[in-house]
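Subject: Structure for you to look at

Hello,

Here is the structure we spoke about, with my notes below it. Please open it alongside the text.

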Amino acid sequence: MSTTKKRLNITLSDHLAVFLKKVALRDEVPQATKAAEMLERAMELEEDAYFSMLAEEREKKTSKLLSHDDFWSKAL
C-alpha cells in the first residue's frame, strides 16, 4: 500500500534511540510519530534562526528597505 508521506531511514546513536523510545512511551505515540514531531520542532527552530538572521541584517543602517512582496519572494 502506498502512502502520501515521505519515508526516511535514519540511524540513531544508542542514547538517542533510548531517549526517543522513552518520550514516545511517555506520550503514548509510536516512535516514528514522536521522531517526526521532534524533527518538525527542530526545523521550526532552524527557520526561526534563519529569519532572525535576516531581520538582524535588515536592521543594519546600510540595508535598503524591501516591500512585503519582495521580502517573501526572496525568503521562500
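A residue counts as buried when its relative accessible area is under 20%, as exposed when that area is over 50%, and as partly exposed in between. By that rule E37, at 30% relative accessibility, is partly exposed. Please keep in mind throughout that this is a predicted model.

Helix packing

Helix α1 covers residues 14-27 and helix α2 covers residues 31-59. The two pack with their axes 9 Å apart, at an angle of about 100°. Angles of 65 to 115 degrees count as roughly perpendicular, so α1 is roughly perpendicular to α2. On the α1 side the contact is made by F19, L20, K21, V23, A24, R26 and D27. Helix α2 contributes Q31, K34, A35 and M38. Sorted by type, the residues of this contact come to 6 nonpolar, 1 polar and 4 charged.

Salt bridges

Side chains of opposite charge can pair when their charged atoms come close. How many salt bridges does a search of the whole structure find? The search gives 3.

- D27 and R26 meet through their side chains, with an N to O distance of 2.7 Å. D27 is partly exposed, at a relative accessible area of 29%, while R26 is exposed, at 59%.
- D27 also forms a salt bridge with K34, at 2.4 Å from N to O. Both residues belong to the contact of α1 with α2, D27 on the α1 side and K34 on the α2 side.
- K34 pairs with E37 as well, and here the closest N and O atoms are 3.3 Å apart. Both sit in helix α2, 3 residues apart, which means that about one helical turn separates them.

Taken together, R26, D27, K34 and E37 are linked in a network of salt bridges.

Leaving aside residues up to four places away in sequence, K34 touches L20, V23, A24, R26, D27 and V29. Of these, L20, V23, A24, R26 and D27 are also listed among the α1 residues of the helix contact.

Aromatic residues

The count of aromatic pairs comes to 4. Which residues do ring pairs link into a cluster? They are Y50, F51, F71 and W72.

Helix α3

Helix α3 runs over residues 68-75, and A75 is found in it. A75 has a relative accessible area of 15% and is therefore buried. Along the chain A75 and S52 are 23 residues apart, and their C-alpha atoms are separated by 12 Å.

When you go through the model, the two places to look at alongside these notes are the salt-bridge network of R26, D27, K34 and E37 and the ring cluster of Y50, F51, F71 and W72.

Regards

Methods:
Residues are numbered from 1 along each chain as its sequence is written. This is a predicted model: local features need pLDDT of at least 70, side-chain atom pairs count only at pLDDT 80 or more; totals for chains, interfaces and linings use all residues. Side-chain values use heavy atoms; hydrogens and water are left out. Axes are lines fitted to C-alpha atoms, for helices over the stretch in contact, and angles run from 0 to 180 degrees between N-to-C directions. Helices (H or I, at least four residues) and strands (E, at least two) are DSSP runs, numbered from the N terminus. Angles under 35 degrees count as roughly parallel, over 145 as roughly antiparallel, 65 to 115 as roughly perpendicular and the rest as oblique. Contact means heavy atoms within 4.5 Å. Ala, Val, Leu, Ile, Met, Phe, Trp, Tyr, Cys and Pro count as nonpolar, Asp, Glu, Lys and Arg as charged, and the others, Gly among them, as polar. A salt bridge is a side-chain nitrogen of Lys or Arg within 4 Å of a carboxyl oxygen of Asp or Glu. Buried means under 20% relative accessible area, exposed over 50%, partly exposed in between (1.4 Å probe, protein chains only). Rings of Phe, Tyr and Trp (its six-membered ring) pair if their centres lie within 6.5 Å; planes under 30 degrees apart count as stacked, over 60 as edge-to-face and the rest as tilted.
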